[in-house]
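Here are some notes for a colleague opening this entry for the first time.

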Amino acid sequence: MAALWSTRTFVSTVTRGLRSYGTPAVAEVVKTDPLEPDGPFVRTEIPGPMSRELIQELDTIQNTKAVSFFVDYQRSQGNYIADVDGNVLLDLYTQIASVPIGYNHPRLIDAVMKDENRATFVNRPALGVYPPRDFSARLKNALLSVAPPGLSQVQTMACGTCSVEHSQKAMFIAYQRRKRGGRPISKEDIQSCIEGKAPGCPSLSVLSFKNGLHGRTMGALGVTHAKWPLKLDFPVPDWPYASFPNLKYPLDQFVRENRAEENNCLEEVRERIHVWDMKDCPVAGIIIEPIQSEGGDNHATPYFFQGLQDIAQEYGIPLMMDEVQTGCGSTGKFWAHEHFNLREAPDIVCFSKKMLTGGFYYKDHLRPEEGHRIFNTWLGDPSKLIFLEEVVNLVKEEGLLERVEDTGSHLLCGLYEMQEKYPGLLSKARGVGTYCAIDVKDVETRENILHRLRQKGVNLGACGVSSIRFRPTLLLRRNHVDIFLDVFDSVISDLYS
């Protein structure tokens, strides 16, 4: 069992002008979790000597170019991540946006220990063929209790990428079923698909958006247009993509310009659909992120998403919201697309990361009629539903969505103040809830800032060309934001001077 560590293990380092490797004067700290440390504590450089040794060892087995440092997960707690060298960092990145209620939360520890859950953790069933007795109840208690309004069908998967991959299949199946007009699947369909030829394997496409990122398998890469290491050397389908709005900030000063930009992007969507129809590769679905995450935390207004849904319905094309990163409350609503006041639910909503299991919700018309069409061996893991049920209960019991709104407002105000204090270096502070970002003048400076933050006990991530993104837990409070802002100010002031 992972040991929960005591706050007595730590020395608080909450102060302006925080210095690495030292123990500065301690500022007054408001405790929010008796099991959580008072603040970051840095005793070595990061990665430290033990991390570097372990990286070297792992490198003999696999590529380690992406490894930041090795983690002591037994000693990580709440909003703080501990490394193997004894350093403790305020984690505002949380395993790439994947930790909903902090490290080693007692509710999750208790769930592991319950006798009635033991068989679920020990035995991983092939859910599409041999689901456990309580599977329907688990789906209802965990996933369907927080389903996007208007959606009541759900399919579990293992991760975000396979959720996107298989939801694309659902759109293709529905398109071909509609095209057959009630005809049964023919022998020609069956034989030609085995050979990878038409009519069994039709020429269809999914429309996506520039700077979008939806996964790393081949179908998901067909709708991914960010981060070259994901796509280089891989054959991908020739599918259409349109421009995602590039809004000007502050938004209230560029209302007319931003509306024109969004209208241009919507017209481009129409044009792309028409062109691919003329190429005999019709668009069978549209995929979009409510906030483009890896591509740079790019936002669009509700007007744009409402217009996109209108276009999708006009052409009879399913609209898929990829909420792998934005789902599970980070924006102050459980699903980010709820901010858009859509006329009805999207046709598909994909999820993973903070939801702890992958999968997608979908409308009835996208449900396959035959078995083994949306299928793999495990189709997720029911043990993750046990954890998700605890997360959902905690969100409701402790009003975590309201907390996210409050903490996010405090964070965004702090980022606004920082960009006013350091013009030319920081800009475009933006966000919804705690799902925030800020731009740095160039990529080299951004990487320098992230490195210096880590050396002072704050773990953050990058996205887009030169953005810093915030992906904290749902338990983040104002005092955590204050700790970050103190460290951030000390790092930026050193660079700005």
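1. Start with the open sheet of four strands. Its order is S10-S11-S14-S13, with antiparallel pairing. Strand S10 (426–432) and strand S13 (461–463) are the edge strands, each pairing on one side only. On average, neighbouring strands here are turned by 30° against each other, direction ignored. Strands (E, at least two residues) and helices (H or I, at least four) are DSSP runs, numbered from the N terminus. Two strands pair if DSSP finds at least two bridges between them.

2. This is a predicted model: local features need pLDDT of at least 70, side-chain atom pairs count only at pLDDT 80 or more, and totals for chains, interfaces and linings use all residues. Residues are numbered from 1 along each chain as its sequence is written, and side-chain values use heavy atoms, with hydrogens and water left out.

3. Look at one strand pair. S10 and strand S11 (residues 435–440) pair in the antiparallel sense over five bridges. Arginine 430 has alanine 437 in S11 as its bridge partner. Helix H12 (residues 400–421) packs on the sheet and touches S10, S11 and strand S14 (467–470). The direction of H12 makes about 170° with that of S10. Axes are lines fitted to C-alpha atoms, for helices over the stretch in contact; angles run from 0 to 180 degrees between N-to-C directions. Contact means heavy atoms within 4.5 Å.

4. Which residues does phenylalanine 375 contact, leaving aside its neighbours within four places in sequence? They are Gly128, Val129 and His166. The C-alpha atoms of phenylalanine 375 and histidine 166 are separated by 8.2 Å, yet the two residues are 209 residues apart along the chain. Phenylalanine 375 lies in the loop between strand S9 (358–362) and helix H11 (382–397). Its relative accessible area is 27%, so it is partly exposed. Buried means under 20%, exposed over 50%, partly exposed in between (1.4 Å probe, protein chains only).

5. Check two cis peptide bonds. One runs from alanine 198 to proline 199, with omega near 5°. Proline 199 sits in the loop between H7 and strand S4 (205–209). The other runs from tyrosine 249 to proline 250, with omega near -5°.

6. Aspartate 297 has phi near 50°. Is aspartate 297 buried or exposed? It is buried, because its relative accessible area is 1%. Leucine 356 has a positive phi of about 70°. At 25% relative accessibility, leucine 356 is partly exposed.
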